[in-house]
Amino acid sequence: MTTEYIDTIQFTKWWLKNPQGNEQVMAAFREFVKQINETEPGTFTYLMYTPNLQVANQPSQVPTELFFIESYASPAAFSTHIDAFVKAISDPYKNSFYPYAMNTAEPLVLTDCCARFRPTSGGAPCGFIRPDGFKHAQVTQNARWWVKPEKNKHELLNALYEFSLWVKKNEPGTLMYFFTNPEQGKTAPPAPDGEINFIAAYQNEQAQTEHYANWNARFLSKYKDYFVASCNAPSVPFIEEQNLRFFDGFIRQKNWD
């Protein structure tokens, strides 16, 4: 299986220190997004979200959380982006972010570096983002599932890959859909080997309901036993699911087609 740097997706979480009075830093983020869209061709994906607290989340979210989906053309492109971020956001607004407990001079940041799955047969990495789909989605979710240690995770991922191809062809209301493997040693906190991280976005609740029906019938009915179960419901896979609101961002579409 081939993994390229452009397959790496970074899921990053920051927390604003105060629940209110963050207009200045959020305005700075909007300007920063505009800046890097124009000046960083090597930044392929940069999507910023805030929590959607109008629906249930598992576990619950706090209103000050910021969630980012990022990908870059190369380590050099990532380094260029970090330099710009420090200059525009993390240095001037450092005191706006919740700090590390053991190093209060630095903002607390949690990062999952994950790889978009490529099938055994080769070909493009999994998943898709339809043109401007992240802007038009009324429902966006980040979900994590865990595969049992005794199950063949690679077999499961190949089946997920085939299902994602079916979704792209048959669910026009599913606007974003991809899943990733954690890159060991590059996540904070460390991610277990069995983790699968999903991003899904839907045009509306009806499209979400239709996808769930297809997911249950075409995939989960065959592979439910592969997943770690909930403690209080052994027949139900354990899931972490967070609902998100798009704030700002962009993608280079050619890297998602």
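Is strand E6 (residues 139-146) mostly covered or mostly exposed, and how many of its eight residues are buried? I looked this up at the outset and found E6 mostly covered, with seven of its eight residues buried. I take buried as under 20% relative accessible area, exposed as over 50% and partly exposed as in between, with a 1.4 Å probe and protein chains only.

**Conventions.** I note that this is a predicted model, in which local features need pLDDT of at least 70, side-chain atom pairs count only at pLDDT 80 or more, and totals for chains, interfaces and linings use all residues. Residues are numbered from 1 along each chain as its sequence is written, and side-chain values use heavy atoms, with hydrogens and water left out. Helices (H or I, at least four residues) and strands (E, at least two) are DSSP runs numbered from the N terminus.

**Entry on the partners of E6.** I counted strands as paired if DSSP finds at least two bridges between them. E6 runs antiparallel to strand E8 (residues 195-202), and eight bridges join the two. Within this pairing, Arg144 has Asn197 of E8 as its bridge partner. E6 also runs antiparallel to strand E11 (residues 240-251), here with five bridges. On that side I found Ala143 bridged to Glu241 of E11.

**Entry on H1 and H2.** Two packed helices are described by the angle between their axes and the distance between the axes. Axes are lines fitted to C-alpha atoms, for helices over the stretch in contact, and angles run from 0 to 180 degrees between N-to-C directions. For helix H1 (residues 23-39) and helix H2 (residues 75-90) I recorded an angle of about 150° and axes 10 Å apart. H1 and H2 are therefore roughly antiparallel, given that angles under 35 degrees count as roughly parallel, over 145 as roughly antiparallel, 65 to 115 as roughly perpendicular and the rest as oblique. The contact (heavy atoms within 4.5 Å) involves Ala28, Phe29, Phe32, Gln35 and Ile36 of H1 with His81, Ala84, Phe85, Ala88 and Ile89 of H2. I sorted these residues into eight nonpolar, two polar and no charged. Here Ala, Val, Leu, Ile, Met, Phe, Trp, Tyr, Cys and Pro count as nonpolar, Asp, Glu, Lys and Arg as charged, and the others, Gly among them, as polar.

**Entry on Tyr46.** Tyr46 lies in strand E2. Why does Tyr46 count as buried? Tyr46 does so because its relative accessibility is 1%. Beyond its neighbours within four places in sequence, I found Tyr46 in contact with residues including Phe32, Ile36, His81, Phe85 and Phe250.

**Entry on H4 and H5.** Helix H4 (residues 153-170) packs with helix H5 (residues 205-223) at about 155°, their axes 11 Å apart. H4 and H5 are therefore roughly antiparallel to each other. Among the residues that meet are Leu160, Phe163 and Trp166 in H4 and Trp215, Arg218 and Phe219 in H5. By class, I noted nine nonpolar, two polar and two charged residues in the contact of H4 with H5.

**Entry on backbone exceptions.** Most residues other than glycine have a negative phi, and most peptide bonds are trans. I found a cis peptide bond between Gln58 and Pro59, with omega about 0°. Pro59 sits in the loop between strand E2 (43-51) and strand E3 (65-72). Asp132, a residue other than glycine, has a positive phi near 55°. I located Asp132 in the loop between strand E5 (128-129) and helix H3 (133-136). Asp132 counts as partly exposed because its relative accessibility is 36%.
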